[in-house]
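Work through the exercises below with the sequence and the coordinates open. Each task is followed by a stepwise solution.

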Amino acid sequence: MLSTWGDDVRIKVHPSLCVGSGACRQFASTVYQLDDEGYLDLHLLQVPPELEHDAAYGASACPARAITVIADAPARERRAEGQQ
Ligand code: SF4
């Protein structure tokens, strides 16, 4: 079954929790772009599957736990099985 958002990985952000530490960008600069004041000011990001690891790494570095990576389990299983 195909998801409605393809194979992209969704990242939910809670900007009200962000304290502007910059750790997400420090550990995953390809995924997380901060605003001019150093905050992650958005609610949802979608990245291609090849950035899932970076996204999770950056999220795990967040001291405010403001980032949740939502992996697409069916797409992950298809990739593991070599299907697209
Ligand atoms: S690591 Fe967390 S607190 Fe720091 S800038 Fe990123 S989202 Fe904000």
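A residue is buried if 20 or more other C-beta atoms lie within 10 Å of its own, exposed if 12 or fewer, and partly exposed in between, with C-beta atoms placed from the backbone. The model is predicted: local features need pLDDT of at least 70, side-chain atom pairs count only at pLDDT 80 or more, and totals for chains, interfaces and linings use all residues. Residues are numbered from 1 along each chain as its sequence is written.

**Exercise 1. Overall make-up**

Find the share of buried residues in the chain, then list its elements in order.

Solution. Of the 84 residues in the chain, 21% are buried. Helices (H or I, at least four residues) and strands (E, at least two) are DSSP runs, numbered from the N terminus. On that basis the chain has three helices and three strands. Read from the N terminus, the elements run β-α-β-α-β-α. Next come the contacts, defined by C-beta atoms, placed from the backbone, that lie within 7 Å. Among contacts in the chain with a separation of 6 or more, 73% join residues 24 or more positions apart.

**Exercise 2. The sheet**

Determine the strand order of the sheet and its pairing sense.

Solution. Two strands pair if DSSP finds at least two bridges between them. The three strands form an open sheet in the order β2-β1-β3, with antiparallel pairing. β2 and β3 are the edge strands, each pairing on one side only. On average, neighbouring strands are turned by 20° against each other, direction ignored; axes are lines fitted to C-alpha atoms, for helices over the stretch in contact, and angles run from 0 to 180 degrees between N-to-C directions.

Now count the bridges. β1 pairs with β2 over four bridges, and β1 pairs with β3 over four bridges. Ile-11 has Leu-45 as its bridge partner in β2 and Val-69 as its bridge partner in β3. Arg-10 stands opposite Gln-46 in β2.

**Exercise 3. Helix α2**

Which residues of helix α2 are buried, and what do they pack against?

Solution. In α2 (residues 52-60) the buried residues are Glu-52, Ala-55, Gly-58 and Ala-59. Seen down the axis of α2, they fall within an arc of 130° (taken over the directions from the helix axis to the C-beta atoms), so they line one face of the helix. These residues pack against β1 (9-13), α1 (23-27), β2 (44-47) and β3 (67-70).

**Exercise 4. Ala-61**

Why does Ala-61 count as partly exposed, and which residues does Ala-61 touch?

Solution. Ala-61 is in the loop between α2 and β3. Ala-61 counts as partly exposed because it has 17 C-beta neighbours inside 10 Å. Leaving out residues up to four places away in sequence, Ala-61 touches Ala-23, Cys-24 and Phe-27. Ala-61 and Ser-21 are 40 residues apart in sequence and 9.8 Å apart in space, C-alpha to C-alpha.

How values were computed: Two residues are in contact if their C-beta atoms, placed from the backbone, lie within 7 Å.
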